[in-house]
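Open your viewer and get the selection tool ready. We will take a few stops, one after another, and look around at each.

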Amino acid sequence: MSREQWGSRTGFMLAAVASAVGLGNIWRFPYIAGEYGGAAFLLVYLLCIFLIGLPTMIAEFSIGKKGQLDAVGSFAKTAPAKPWVIGGWLGVITSFLIVSFYAVICGWVLYYMFSYMVGSIQQVEAGGVEEYFGGFIGHDFLPVIWQIVVMAMIAGVLYFGVKKGIELSNKIFMPLLAVILVVLAGYGMTLDGASEGLAFLFIPDWSALGDPSLYLAAIGQSFFTLSLGMGIMVTYGGYLSKQTGARLPGTATRVVVLDTLFAVVVGIVIFTAVFSIGMDTAQGPGLVFVVMPEVFNQMAAGGTFFAIFFFFLVFIAGLSSAISLSEVSVSFAMRQVNMTRRKAVLIVTGLITLFGIPSALSQGGPLGDFLIFGLSFLDFVDVLTDSYFLPIGGLIVVLFVGWGWKGNAAFEAADFKNPTLGKFWLFLVRYFAPIMIIIILLANLFGIEA
Ligand code: TRP
C-alpha cells in the first residue's frame with residue numbers, strides 16, 4: 001500500500017504549523033511566563049527555541065524523511081535492533097498523557113465560547129471573572145462534561161477521517177487567529193498599564209535567572225509549543241516524498257518563527273491586560289481564562305462578538321493540535337496491536353478520556369485536595385510530560401541523529417544548502433543541545449541552584 005504524501009511543501013509546512021500553534025501558545029506560554037518573571041523567562045525561552053528546539057525539529061524531520069514511517073517505525077527502520085526505538089515508545093506514552101489534560105483545557109475554552117453565546121459571562125461584574133472561572137473549574141462534574149464533548153469531537157474527526165477538512169480549516173482559521181491576536185494586542189497597548197505590561201514582558205529582571213526551575217520550564221515549554229520530543233514531527237517528515245522538494249531546515253525555521261510570533265503577540269495581549277486590571281501575573285493555568293473576559297467585558301462595543309470569535313479560533317487551534325497528538329497513539333495501536341483504524345480510535349480515545357477525568361476534577365473540584373508532589377493531578381501530568389518526558393524524548397532524537405547515524409547520514413537527510421549552517425546545526429545537535437538538556441534535567445532533579 002502506498003502511503004499518503006504531502007501535496008506540496010506549503011502543505012507540509014502548514015500541517016507542522018497547525019500542530020505547533022495551539023493551547024501551548026495561548027494558554028500555556030503566558031501563564032508560565034507570568035510565573036517565572038516575564039522577560040527573563042522570555043529570554044531563556046527564545047534561546048531554547050532557537051538553539052535547541054529548531055535543531056531538534058530539523059533532526060525529527062530528518063528521521064522521518066529517512067524512515068518514511070511513524071516515530072516508532074522510523075526509529076526501528078533507520079536503526080534496527082538498537083535502543084533508539086525507546087524514543088518512539090516514550091513518544092506514544094507522552095502523547096497519551098498530554099492529550100488527556102489538553103482535552104480538559106480545550107473543554108474550558110469551549111465552555112467559555114458557549115457561555116458567551118448564551119450571554120452568561122457578560123453578566124459578570126468587573127473583577128468577578130476569577131470567581132466565575134473558579135466556580136466552573138471547581139464544579140463537581142461540569143469540567144468532565146466539556147472534556148467528554150471535546151474528546152468525542154476528536155474521536156469523530158479521527159473516526160470519520162475528516163482530517164483533510166481540518167487541514168483546510170487551518171488554512172483559514174490559523175490566519176484569522178493571527179489577525180484577531182494582532183488586533184487585541186493593538187487594543188491592549190491602548191489600555192492604562194500597557195507600558196508596565198510591556199516592561200514585564202520585555203525588560204528582564206535578572207535575578208529571576210537564579211532559579212533552576214526557570215530553565216526547566218523554558219525548555220519544557222519550547223518543546224511543548226513546537227510539538228517536539230515525541231515523534232510528531234518524525235511522523236510528519238515520514239510523509240515527505242523526494243518530489244515534494246521541501247528543504248527541512250527552511251521549513252523548520254518558518255514553523256519555529258511563526259510559532260514564536262504567536263506566543264509573543266499573545267504575551268502582549270495578556271500582560272498589557274493583566275497590568276491594566278491590576279492582577280497578579282502568577283495566576284497559574286487560569287490566567288487567560290480570567291484576563292480575557294475582563295478585557296472583552298470592558299470593551300465598549302463588540303466585546304461579545306470578539307469573545308466568541310476569539311474562543312472559537314482558540315478552540316480550533318487547540319483541537320487540531322489535540323488531533324495530531326491523539327493520532328500518535330491511534331496509529332501506534334493500529335500498527336503494533338494490529339487493530340482496524342476505527343477500533344483503535346474508539347479504544348484509544350476512550351482510554352484517554354478516562355485518564356483525563358482526574359485532571360478535569362483536580363482544579364478545586366472533587367479531587368482538588370489530591371496532590372502529587374504538591375501539584376494537582378492536572379499540573380502533575382503537565383509538568384511530568386512537558387518538563388521531563390519531552391526533553392528526554394528530544395535528547396534521544398538529537399543523540400540519535402548526532403551520534404547514532406554513521407558518516408554523513410544526518411547531513412544528507414537534513415540537506416542543508418549552506419554547508420556552514422549545516423556544520424553549526426551538527427554542532428548544536430551533537431554537543432550543545434544534549435549537554436544543555438542533561439544539565440537542566442539534572443540540576444532540577446537534584447535541586448541544584450544556578
Ligand atoms: N504544540 C501544541 C501546542 O502548542 C501541542 C502539541 C501538539 C504538542 N502536538 C504535540 C506538544 C506534540 C508536544 C508534542 O498547543
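This is a predicted model: local features need pLDDT of at least 70, side-chain atom pairs count only at pLDDT 80 or more; totals for chains, interfaces and linings use all residues.

Residues are numbered from 1 along each chain as its sequence is written, and side-chain values use heavy atoms, with hydrogens and water left out.

**Stop one: a loop residue**

Please select Val 124, which you will find in the loop between α5 (85-118) and α6 (129-137). Helices here are DSSP runs of H or I with at least four residues, numbered from the N terminus. Is Val 124 buried or exposed? Its relative accessibility is 16%, so Val 124 counts as buried; the cut-offs are under 20% relative accessible area for buried, over 50% for exposed, and partly exposed in between, with a 1.4 Å probe and protein chains only.

Now show what touches Val 124. Beyond its neighbours within four places in sequence, Val 124 is in contact (heavy atoms within 4.5 Å) with Val 129, Tyr 132 and Asn 297. Asn 297 is 173 residues away in sequence, yet the C-alpha to C-alpha distance to Val 124 is 8.2 Å.

**Stop two: stacked rings**

Next, colour the rings of Phe, Tyr and Trp (its six-membered ring); they pair if their centres lie within 6.5 Å, and planes under 30 degrees apart count as stacked, over 60 as edge-to-face and the rest as tilted. The count by this rule is 41 aromatic pairs. Zoom in on Tyr 111 and Phe 136: their centres are 3.7 Å apart and their planes at 0 degrees, so this pair is stacked. Tyr 111 belongs to helix α5 and Phe 136 to helix α6, so the pair ties together parts 25 residues apart in sequence. Tyr 111 is buried at 14% relative accessibility, and Phe 136 is buried at 2%.

**Stop three: charges over rings**

Select Arg 28 with Phe 224: the charged end of Arg 28 sits over the ring, 5.4 Å from its centre. Then try Lys 66, which lies over the face of Trp 405 at 5.7 Å from the ring centre. The test asks for NZ of Lys or CZ of Arg within 6 Å of the ring centre and within 35 degrees of the ring normal.

**Last stop: a pocket**

Finally, select Tyr 36, Ser 213, Ala 217, Val 383 and Ser 387, which lie nearest the centre of the second largest pocket among its 19 lining residues. On a 1 Å grid over the protein atoms alone, where a 1.4 Å probe fits, a pocket is an open set of points with protein on both sides within 12 Å along at least five of seven lines, and lining residues have an atom within 4 Å of a point. Helix α16 gives the largest share of this lining, 5 residues.

Notes
Helices (H or I, at least four residues) and strands (E, at least two) are DSSP runs, numbered from the N terminus.
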